[in-house]
Amino acid sequence: MIELRNISKSFSLQKQSFKALDQVNLTVAEGEILGIIGFSGAGKSTLIRCINLLERPDEGQVLVKGMDLGQLNARELARARKKIGMIFQHFNLLSSQTVFDNVALPLVLEHLPKAKISQTVTRLLKLVGLEDKAKEYPKNLSGGQKQRVAIARALANDPYVLLCDEATSALDPATTQSILQLLQDINRRLGITIVLITHEMEVIKAICNEVAVIDQGKLITKGNPEALNADPEHPIIKQFLNPTIMTLPQQLNSKLREVPQDGLFPLIEIQLNGNISFDKLLSLITAGAKAPYKLLKADVTYSGNTNFGKVLLQLQGNTTENATIMQSFHQHNIKNTLKGYA
C-alpha cells in the first residue's frame, strides 16, 4: 500500500542544516495499522507528512498504491491526496462551522449534490458516534468528540489511507482508549490502512499490527510489537519499553537476605516477554511444580494475545519444590531474577 524508498529530508535551523530524515526505507501493507514511535525531534512527524507530500523529501520516492507521488503534477497530487486522510493532534476544526459542516467540507469542495453530502455526513457521524451532535459547534464539544469529528471529516472522501499525527496526545487516558478503539473499528470495518505516530508505547500495544522505531532521522527497526517487546536489543527500544521496576513490599524489605536461611523463602521477579501468558505462568507453577507460592505484585499489559510485564512471586515450597519451579522456568524460557530471601 505504502512504500518509502531512501527518504531523506533536511531543514535549515539557525543557518545550519538539520537532517530530519536520513535514508528511510519503510513499507506498509494494505489494511495494516502501523505505529511510528520516537522521541520528540526523532523525525516521526516529518516522516508521516512525507507520505502525502505535505513535506517533500529532498531525496527518495513515496509510492502509494504503486503510484509515485513525486512524479505527479499539482492537479494529480491534489487528487491523490483526497484518498489519504489525515487527522491531527489539535483537531483543526473550523470553529465557526457546525459539526455537520466541518465533516461536509471536503464534499462541498468537491461540489457534490446536497443530498449526497447529507447522506455521507450522516453516515460518518453515526460511524463515530456523534449523530446527535450534527448541529453543535466545536466549542461545545469535549476533546474526544472534537477528534471524532476530525476522524469523520478525514473519512469523507472514502480514503484508503488514514494518517494520524499524534492524534491522541491531547486527550486523557480514557478518551485516548475510546479513540484508539474507534480507529481499530474503522480499520476492521472499512479496511483502511492506518499509519499513526506517537511517543507512547501503550498506544502501539493497544491497536498496532506493526511498529517502526525512529531515532535521529533514522529507521531503527520495524516489526510486530510482540517481537520488539520480546527482544529489545536497541537502547532506544529499551527506553520506550521501560520495564517496570518492581519494588518490594515494605514489610519484606526489612528482612530481605541475600542467602537462604531457615524460615525464609526466595523472592523471584519474572519478566513476561510474550512467550507465555500470565495465566499459563501461574498454571505452570501450581499444576506442573505443585508447590505453594504467594503472588506479591504483578504489572502486566496485553498486546494482541500475548502478555508483557513483570511479576513478583515468593516461592513457599521446600527446597526441592522451589528448585523444580526454577527448572520449569528455564525449560519454558521464562526470564527470572532471584531478588533475595524473605
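A residue is called buried here when its relative accessible area is under 20%, and the model to which this cut-off is applied is a predicted one. By that criterion, the buried residues of α3 are Val-99, Asn-102, Val-103, Ala-104, Pro-106 and Leu-107. Just after α3, the chain reaches His-111, which takes a positive phi of about 60°.

The helix α3 (99-109) also belongs to the surroundings of the largest pocket, where α2 (74-81), β6 (84-88), α3 and α5 (143-154) each supply at least two residues of the lining. This pocket has a volume of about 540 Å³, and of the 18 residues that line it, the closest to its centre are Arg-81, Ile-84, Met-86, Pro-106 and Asn-157. The strand β6 gives the most to the lining, with four residues. Sorted by class, the lining comprises ten nonpolar, four polar and four charged residues.

In soluble globular proteins, nonpolar side chains tend to be buried together. In this model, the largest nonpolar core has 44 residues, and those with the most contacts inside it are Ile-87, Ile-151, Leu-162, Cys-164, Leu-183, Ile-194 and Leu-196. If neighbours within four places in sequence are left aside, Ile-151 is in contact with Ile-87, Val-128, Ile-179, Leu-182, Leu-183 and Ile-186. Apart from this core lies another, of 30 residues, which includes Met-1, Ala-80, Ile-84 and Ile-197.

Conventions: Residues are numbered from 1 along each chain as its sequence is written. This is a predicted model: local features need pLDDT of at least 70, side-chain atom pairs count only at pLDDT 80 or more; totals for chains, interfaces and linings use all residues. Side-chain values use heavy atoms; hydrogens and water are left out. A nonpolar core is a set of buried Ala, Val, Leu, Ile, Met, Phe, Trp, Tyr and Cys residues joined through side-chain atoms within 4.5 Å. Buried means under 20% relative accessible area, exposed over 50%, partly exposed in between (1.4 Å probe, protein chains only). Contact means heavy atoms within 4.5 Å. On a 1 Å grid over the protein atoms alone, a cavity is a set of points where a 1.4 Å probe fits but cannot get out, and a pocket is an open set with protein on both sides within 12 Å along at least five of seven lines; lining residues have an atom within 4 Å of a point. Grid points are joined across faces, edges and corners, and a volume is the space filled by probe spheres set on the points. Ala, Val, Leu, Ile, Met, Phe, Trp, Tyr, Cys and Pro count as nonpolar, Asp, Glu, Lys and Arg as charged, and the others, Gly among them, as polar.
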